[in-house]
Amino acid sequence: MSYAYYRMPYADSYTVVRSESKDRLLCNYEQIGHDTGFVIAPFNNDVYTPIVIIAPDSVEQYTLPQGDVPQRHATATSTNISDGYEATFERFHNAICNGQFLKLVLSRSKEAELNTDDYEELFLEACRRYPRLMIMLVSTKVTGTWLVASPEILLTGDGAWWRTMALAGTMPYMDGYQEWSEKNQQEQRFVEAYIEDRLSDFSLEIIKDGPTTKRAGNLVHLCTDFRFHIAPGCYIGELLASLHPTPAVCGIPKMKAREFIIENEQNERSYYSGFMGPVGINGETHLYVSLRCAKLEQGKATLYAGGGIMPESTLASEWDETEHKMQTIGNVLK
């Protein structure tokens with residue numbers, strides 16, 4: 001049986017989609033939106049990581065159990081930068097500095113011990129810890145089981161108004177005013193310009209708000225919100241194919257950056273930095289980028305994180321950023 005649990009940001013209830021039917025596999029992103037279901041899409045759609053739709057044979061809503069919100073504890077970041085990551089960072093950074101790309105996103109993964117097979121409790125723990133984030137627990141035969149706590153909307157709406165966002169730049173959260181570096185601001189400008197350009201092909205009315213600082217667990221990001229109508233004759237699958245992957249998880253120019261990432265990253269991204277969420281369930285679509293996530297298996301969890309590489313990037317700062325991002329799910333597993 002396939003299933004998907006999801007809790008919308010700030011909601012006091014969550015939804016569970018279960019399916020006894022055979023999951024539908026899609027050939028391309030343009031096909032999304034023709035059927036109602038829960039979508040699990042990879043960073044790069046291929047025969048090994050296809051787009052999967054869980055049929056909504058049953059859709060049930062539950063009230064979140066009451067309980068104290070756990071204190072968020074910051075774990076010290078690792079100083080043990082792996083040789084593999086260092087070599088990969090140099091390849092990415094050199095490609096930026098010699099003008100091949102305006103931006104690249106370098107990701108990595110690491111394994112953590114998993115001492116429970118009660119994945120539902122992990123989902124509820126993530127809901128308690130991170131009320132601002134979209135929390136998802138999904139499992140299919142094709143994808144395996146993933147726990148996600150995402151701050152980033154790819155596409156959400158009810159058929160009238162739609163919304164997406166440009167989310168880039170990362171700092172640890174601290175009380176009080178935080179000043180953004182030029183590197184973070186430039187990352188955000190790249191993503192914002194890309195989103196606005198892609199939306200212009202699908203909408204004649206775009207309302208932009210931002211950038212503002214958006215909190216996500218123990219981190220903050222720069223965020224620009226976009227609200228828009230989809231023009232007649234355009235379909236959400238076509239829009240998704242145009243948007244994904246955004247420079248927030250890939251790079252500029254997109255297709256060249258995606259090929260560079262696939263050829264040069266040490267880890268297979270799989271469904272990390274793809275997108276997930278309900279499409280047409282209860283008349284609404286809520287697709288979030290698959291960030292702050294882990295693949296759950298018996299006895300272990302594989303954590304994923306990435307960061308944008310710019311000319312100003314340093315090996316130590318990028319490693320620390322991925323460590324901070326991995327703490328989001330890592331703290332849930334403890």
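Predicted model: local features only at pLDDT ≥ 70, side-chain atom pairs only at ≥ 80, totals over all residues.
What does K300 pair with? K300 forms a salt bridge with E297, and the closest N and O atoms are 4.0 Å apart. E297 is also partly exposed, at 31% relative accessibility. Why can such pairs form? Side chains of opposite charge can pair when their charged atoms come close.

Now, salt bridges that share partners join K103, K183, E187 and E318 into one network. Take one pair from there. The side chains of E187 and K103 meet in a salt bridge, at 3.2 Å from N to O. E187 sits in helix α3, residues 182-199, and K103 sits in strand β7, residues 103-113, so the bridge ties together parts that are 84 residues apart in sequence. Are these two buried or exposed? E187 is buried, at 4% relative accessible area. K103 is buried as well, at 0%.

How many salt bridges does the structure hold? There are 19. Here is another one: the side chains of R18 and E60 meet at 2.8 Å, N to O. R18 is in strand β2, residues 13-19, and E60 is in strand β6, residues 58-63. That links distant parts of the chain, 42 residues apart. R18 is partly exposed, at 23% relative accessibility. E60 is partly exposed too, at 33%.

On to the sheets. Nine strands form an open, antiparallel sheet in the order β6-β2-β1-β8-β9-β17-β18-β7-β14. Which strands are at the edges? They are β6 and β14 (251-252), and each pairs on one side only. Inside the order, β1 (residues 2-7) and β8 (residues 134-140) run antiparallel and are joined by five bridges. Look at Y6: its bridge partner in β8 is M136. Helix α3 packs on this sheet, touching β7, β14 and β18 (300-309). The direction of α3 makes about 105° with that of β7. Helix α6 lies across β7, β9 (144-150), β17 (293-297) and β18, at about 145° to β18.

There is another open sheet. Nine strands again, antiparallel, in the order β3-β5-β4-β15-β16-β10-β11-β13-β12. β3 (24-26) and β12 (206-216) stand at the edges with a single partner strand each, so one side of each has no neighbour in the sheet. Ignoring direction, neighbouring strands here are turned by 20° against each other on average. Five bridges join β4 (residues 37-41) to β15 (residues 275-279). F38 stands opposite P278 in β15. And α3 turns up here too: α3 lies across β11 (161-172), β12 and β13 (219-229), at about 165° to β11.

Last stop, a helix pair. Two packed helices are described by the angle and the distance between their axes. The axes of α1 (residues 83-97) and α6 (residues 315-333) come within 11 Å and cross at roughly 120°. The crossing is right-handed. Which residues meet? From α1 we have Y85, E86 and F89; from α6, L315, E318 and W319. That contact divides into four nonpolar residues, two charged and no polar. Notice E318: E318 is also in the salt-bridge network with K103, K183 and E187.

How values were computed: Residues numbered from 1 in each chain as written. Heavy atoms only, no water. Axes fitted to C-alpha atoms, helices over the stretch in contact; angles between N-to-C directions. Helix = DSSP H or I, 4+ residues; strand = E, 2+ residues; numbered from the N terminus. Left-handed = near helix turned anticlockwise from the far one by under 90°. Contact = heavy atoms within 4.5 Å. Nonpolar A, V, L, I, M, F, W, Y, C, P; charged D, E, K, R; others polar. Buried < 20%, exposed > 50% of the residue type's maximum accessible area, 1.4 Å probe, protein only. Pairing = 2+ DSSP bridges.
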